[in-house]
Amino acid sequence: EIISNSPDNRLLFLEKDWHVTNNARDVLSSIFRSLNALSQRGVPIIRLMDPLPSIKWNCPALGIPWICTLAHQQRWANFPSVIDCKWYLRYLEPFALMDDSIMYGCRRGFQDSRYFDWEEAMQDGRIAWSESQWVIANAPSNMFVHHEVDQ
């Protein structure tokens, strides 16, 4: 309901092995209202996790004490995130649609199975992330816990 009331489209990036913490359940509606405010300020990526150590500044929105950083100071990780769809379509979708062996991971079996490892591609420079100046808002505390399901 809260997300559907937003004038902009957003993508919730959430892998199957992340779960909402009990603390976050109580504040989700406030978080999503705050997400709308951040997005309207031009923040394309909002991580629902603590920021990694780096240069950061406070960027509160509607009472939520978000912490902002720049992309080149925060490596890409498959953390739960909300991503502006226009931003995604411009910067990430072209890579997702590439059917080129350069985009498949380097681990054993990835080339044969044509597996696209987003995390690896973002970190090693195949996708322009490490040199980018995109603003990333990070949650003031972790709202999700990770329980690996594929091992």
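**View 1. The largest pocket of this predicted model has a volume of about 410 Å³.** In all, 19 residues line the largest pocket. Those closest to its centre are Glu-15, Asn-78, Tyr-115, Asp-117 and Glu-119.

**View 2. The lining of the largest pocket includes nonpolar, polar and charged residues.** Charged residues number 9. Which element gives the largest share of the lining? Helix H6, residues 118–123, does, with 3 residues.

**View 3. Arg-10 sits in strand S1, which spans residues 10–13.** Is Arg-10 buried or exposed? Its relative accessible area is 17%, so Arg-10 counts as buried, the cut-off being under 20%.

**View 4. The side chain of Arg-10 makes polar contacts with Asn-36 and Ser-39.** The polar contact between the side chains of Arg-10 and Asn-36 is 2.9 Å. The one joining the side chains of Arg-10 and Ser-39 is 3.1 Å.

**View 5. Arg-10 is in contact with residues beyond its neighbours in sequence.** Set aside the neighbours within four places. Arg-10 then touches Leu-35, Asn-36, Ser-39, Val-82, Ile-83, Asp-84 and Cys-85.

**View 6. Confidence in the chain is highest in strand S4 and lowest in helix H1.** Strand S4, residues 57–58, has a mean pLDDT of 94. Helix H1, residues 22–25, has a mean of 70. Over the chain, the mean pLDDT is 78. Of its residues, 83% reach 70 or more. Where pLDDT is low, predicted coordinates should not be read in detail.

Technical notes:
Residues numbered from 1 in each chain as written. Predicted model: local features only at pLDDT ≥ 70, side-chain atom pairs only at ≥ 80, totals over all residues. Heavy atoms only, no water. 1 Å grid on protein atoms, 1.4 Å probe; cavity = no way out; pocket = protein on both sides within 12 Å on 5 of 7 lines; lining within 4 Å. Points joined across faces, edges and corners; volume = space filled by probe spheres on them. Helix = DSSP H or I, 4+ residues; strand = E, 2+ residues; numbered from the N terminus. Nonpolar A, V, L, I, M, F, W, Y, C, P; charged D, E, K, R; others polar. Buried < 20%, exposed > 50% of the residue type's maximum accessible area, 1.4 Å probe, protein only. Polar contact = N/O pair within 3.5 Å; in protein donor to acceptor, adjacent residues only side chain to side chain. Contact = heavy atoms within 4.5 Å. pLDDT = per-residue confidence, 0-100.
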